[in-house]
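Work through the following exercises with the model open. Each task is followed by a stepwise solution.

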Amino acid sequence: YITSENLTKTKLPVSFTVSRDEMSKFDDNAVEYGKLAKPISNALDKKIYEKAPESQQNIIRMIKTHQSQGKNVFCLFAHLFYDTPIEDSSTAFHSMCEWISETVNYFKDKEDLLIIKPHPAESIEGEQQKKPNETLASFFSDTVFPENILTLEPHQFSTKGLSSLINCGLIWRSSVGMELTFLGVPNIIAGTTIYNSLDLNYAKNKELYFHMLAHAAEITVPQQQKKDVAKYLYLLERKHVKIESISYHQNFRKFYWNRKELLRHLKSGSENISSVVDASLL
């Protein structure tokens, strides 16, 4: 699927986002809620394993022990280290690495539990041989954690699986910020997201970030935030256009021209490709 946008006109940073103007103009009451929420629900229901790993049980026991003692459980969701824009700073931190390091240091003398979750793609077979290949494990290779900080395996838990276990999520710029909001889990966003047309809990500076950490128990997720996330993903999905001439080889993880569809397009045209051209020139 391809998204298209006249960025000169809309002033958006990328095509695969939804502006505040688009959000405000769309009447979400005209769409039945189940249909509106389908894109975000489908994203959350994707299975990352057929059977939950047995190693989950030790983590769950540790979480329940902390919560039974009245302590909070935070989960930091890291992004891929090498999948970053040219400028990956925010108004709170210079980089994701600084955010991770300072968050870990904050929790070192706290009683709350901090779980660090790597991006799932860190464990994709064959990816480890590609460069750059920095992972959370390599980033923390020389770090000794206290008992209240632990790192998960990339596919040990899904976002939905963790949502019922944690008190607050910590996000850099990934879509997990939207997913947790939809699931009703308080979260703090420290990076610069492409979905900033949504009014979520952004840390506008470093002081506010640590203040929000200290008062995480006071963060709530209003019903309107959940609905806005559903609306955002619904509008974003409608921007995506399937281009039949381009196919994807799952085993080799590469895109290629579908010769049959390409010849058909050259002969008869394509309504989908025409719509992408129209959107770009609009």
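**Exercise 1.** In the hairpin of β8 and β9, which residue takes a positive phi?

Solution. The model is predicted, with local features needing pLDDT of at least 70 and side-chain atom pairs counting only at pLDDT 80 or more, while totals for chains, interfaces and linings use all residues. Residues are numbered from 1 along each chain as its sequence is written, and side-chain values use heavy atoms, without hydrogens and water.

Step 1. Locate the strands (DSSP runs of E, at least two residues; helices are runs of H or I, at least four; both are numbered from the N terminus). β8 covers residues 246-249 and β9 covers residues 254-257.
Step 2. Check the pairing, which requires at least two DSSP bridges between two strands. β8 and β9 are antiparallel over four bridges, and Tyr248 is opposite Phe255 in β9.
Step 3. Examine the four residues between the strands: Arg253 has a positive phi near 55 degrees.

**Exercise 2.** Give the strand order of the open sheet of five strands, and state which strands stand at its edges.

Solution. 
Step 1. The order is β4-β3-β2-β5-β6, and the pairing is parallel.
Step 2. β4 (149-151) and β6 (187-189) are the edge strands; each has a single partner strand, so one side of each lacks a neighbour in the sheet.
Step 3. From one strand to the next the twist averages 20 degrees.
Step 4. Within the sheet, β2 (residues 73-77) and β3 (residues 113-117) pair over five bridges, where Phe74 has Leu114 of β3 as its bridge partner.

**Exercise 3.** Describe how helices α5 and α6 are placed on the strands.

Solution. 
Step 1. Angles run from 0 to 180 degrees between N-to-C directions, with axes as lines fitted to C-alpha atoms, for helices over the stretch in contact.
Step 2. Helix α5 (residues 56-68) touches β2, β3 and β4, and its direction makes about 150 degrees with that of β3.
Step 3. Helix α6 (residues 96-107) lies across β2, β3, β4 and β5 (168-171), at about 165 degrees to β2.

**Exercise 4.** Characterise the lining of the largest pocket.

Solution. 
Step 1. A pocket is an open set of points on a 1 Å grid over the protein atoms alone, where a 1.4 Å probe fits, with protein on both sides within 12 Å along at least five of seven lines; lining residues have an atom within 4 Å of a point.
Step 2. The lining has 43 residues, and Ala43, Lys46, His119, Ser175 and Glu179 lie nearest the centre.
Step 3. Helices α4 (38-44), α8 (159-163), α9 (176-182) and α11 (223-239) each supply at least two lining residues. The largest share, five residues, comes from α4.

Key
Contact means heavy atoms within 4.5 Å.
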